[in-house]
Amino acid sequence: MKKHRKITPGGVIEVFLTVATVIIFIFPLYLAVLTAFKSKPEMSKSVLSLPQGLYLDNFKEGMERSDFFRSLRNSLSVTFPSVALIVLCASMSGYAIARHAHKTASLRILDKMYLASLMIPFQILMIPVYRIYKSLNLLNSLPGMTLMLTGTSIAYASFLYVGFVKSIPKEIEESAYMDGCSEMKTFWLITFPLLKPVSATVAALHVMWLWNDFNISIILLQKEAVRTITVKQFYFFGQYTAEYGLAFAAAIVSMIPVVVCFAFMQKYIVNGIAAGAVKS
């Protein structure tokens, strides 16, 4: 016989809080989809009501006014190269810290600097970053934007790699040393392939974060030709007007690349975070 689970007040509260949390997270997406398919008269009547039909002009006009395909190309040009550099640099720095920080003071200091930098909000750095980029002629430069996105993301990614590398037995690397491999060759041929779960986690999280970046983009990319999707969507809202239908339609289309990437890599995310967040 199957044992029926006893209903307790704690269980009821847990279910209620779970459902409430799901609703809180789903409601903005639900509202965005409704608004994207509504005409202006429908939105003025009711925000929460279902649309009478699929009003697709919002998508057409939103993509035209945001110069969607050029801004999409710009977002792709800064997001995926940045993610590749983050995985490359953070994996090496995380490996060095995990394996050698106990005997190298400079790596211990670097580890503490990484952790300290996670507590510094970008708003504090906005003016110095702008002045430095202006003096280096890197404003309105997609490679300059890639460099900034990479630099601001290395610390957290390295933190994840440090914990994951510590979970890999050193005996695997020592056997490679005995076969004549250098440390660099051992890292790339032996250790780095074992970092696939955390690398996928770092890549998936940073694709999502960098794709949605606004603060850095609005400061460094001020010309129309180099603006990313998030910056272009900002201009649907003016001082006296707000094109909600166009903005939500463009936002839904711009989410597609991130959703596809996340769907392919989601199975690695939980395992990678769980393994990488534990430091010994």
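**Exercise 1.** Find which helices each supply at least two residues of the lining of the largest pocket.

*Solution.* Start with the helices (DSSP runs of H or I, at least four residues). Five elements qualify: H5 (105–117), H6 (122–135), H7, H10 (196–211) and H11 (215–220). This is a predicted model, where local features need pLDDT of at least 70 and side-chain atom pairs pLDDT 80 or more, while totals for chains, interfaces and linings use all residues. Residues are numbered from 1 along each chain, and side-chain values use heavy atoms, without hydrogens or water.

Next, look at the share of each: H7 gives the most, with 8 residues. The whole lining has 23 residues, and nearest the pocket's centre lie Ser117, Ile120, Phe122, Thr152 and Ser153. (A pocket is an open set of points on a 1 Å grid where a 1.4 Å probe fits, with protein on both sides within 12 Å along at least five of seven lines; lining residues have an atom within 4 Å of a point.)

**Exercise 2.** Describe H7 by its span, its bend and its burial.

*Solution.* First, the span: residues 142–166 make 25 residues, and the first and last C-alpha are 35 Å apart, close to the expected 36 Å (1.5 Å times one less than the number of residues). Third, the burial: 18 of the 25 residues are buried, leaving H7 mostly covered (under 20% relative accessible area; 1.4 Å probe, protein chains only).

Methods: Bend = angle between axes of the 7 residues up to and from the residue. Buried < 20%, exposed > 50% of the residue type's maximum accessible area, 1.4 Å probe, protein only.
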